[in-house]
Amino acid sequence: MQPVVSQYPALSRVLHWLIAALVFATWPLGIMIGFVKKDVALDFYLLHESFGFLVLWLMLLRVGSKLVAGAPPIEGSALERKAAHAVHGLLYVFLIVMPVSGFLATNAHGFPLKWFGLLTVWSPLGKSPDIAWTLSGIHGWSAWILLGLFGLHFAAVLFHHVVKRDGTLFRML
């Protein structure tokens, strides 16, 4: 039997899993764009960018929710608490930096976002080839950094659930 743990607020839990699912769909779509036939690459790209833009807005909602509702205190040693705060903070930063840089890079390359093919999204950038590749680089590096942060996050979840056998996992279920 698991110990009673204080959970994250319901909205935080829903957003956590929804964002995770979208990232797990968006990330491979972005990688696959370079490997699919040209006639379907634009479809992959449309989904990748549309999901990414949705991640951005859900992350902004998540930040707002966390500021309003807070989060249960992190349990563990001082080192575990500091590591958890650092990884969570960096996950939040890169889950915002990555879609912002991707959105701006796309626009700087001269392709406005048509969200799910339905709505053209205004951008503060027009075609700007001088910064397009820099923004693309930030987007690409952010993706790899985010993958590494996810690995740390997942390893910590496994450590708490399998080794420490505490209720950390159940805070987000």
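A: Contact here means heavy atoms within 4.5 Å. With that in hand, let's start at Leu146: beyond its neighbours within four places in sequence, Leu146 is in contact with Val23, Leu91, Phe94, Leu95 and Met98. Please keep in mind that this is a predicted model, in which local features need pLDDT of at least 70 and side-chain atom pairs count only at pLDDT 80 or more, while totals for chains, interfaces and linings use all residues. Residues are numbered from 1 along each chain as its sequence is written, and side-chain values use heavy atoms, with hydrogens and water left out.

Phe94 sits in helix H3, residues 78-108; helices (H or I, at least four residues) and strands (E, at least two) are DSSP runs numbered from the N terminus. Phe94 has a relative accessible area of 17%, so it counts as buried (under 20%; exposed is over 50% and partly exposed lies in between, with a 1.4 Å probe and protein chains only). Setting aside neighbours within four places in sequence, Phe94 is in contact with Pro99, Ser142, Ile145, Leu146 and Leu149. The C-alpha atoms of Phe94 and Ala143 are 8.0 Å apart, although 49 residues separate the two in sequence.

Back to Leu146, which also belongs to the largest nonpolar core, where Ile19, Val23, Val55, Met59, Leu95 and Leu146 touch the most other members of the 19. Such a core is a set of buried Ala, Val, Leu, Ile, Met, Phe, Trp, Tyr and Cys residues joined through side-chain atoms within 4.5 Å. H1, H2, H3 and H4 each supply at least two residues of this core. Another core lies apart from the largest one and has 10 residues, including Phe103, Ala105, Ala108 and Leu135.

Next come the open spaces. The largest pocket has a volume of about 1,000 Å³. On a 1 Å grid over the protein atoms alone, a pocket is an open set of points where a 1.4 Å probe fits, with protein on both sides within 12 Å along at least five of seven lines, and lining residues have an atom within 4 Å of a point. Its volume is the space filled by probe spheres set on the points, which are joined across faces, edges and corners. Of its 36 lining residues, His16, His88, Leu91, His153 and Val157 are the closest to the centre. Leu91, you'll recall, is also a contact of Leu146. H4 gives the most to this lining, with 12 residues.

The second largest pocket holds about 820 Å³. Its lining has 31 residues, and Ile33, Tyr45, His48, Thr106 and His139 lie nearest its centre. Here H2 supplies the largest share, eight residues.

Finally, the wider setting. The protein chain has four helices and two strands, running α-α-α-β-β-α from the N terminus on. Its C-alpha trace spans about 55 × 35 × 25 Å along the principal axes. Of the 173 residues in the chain, 33% count as buried.
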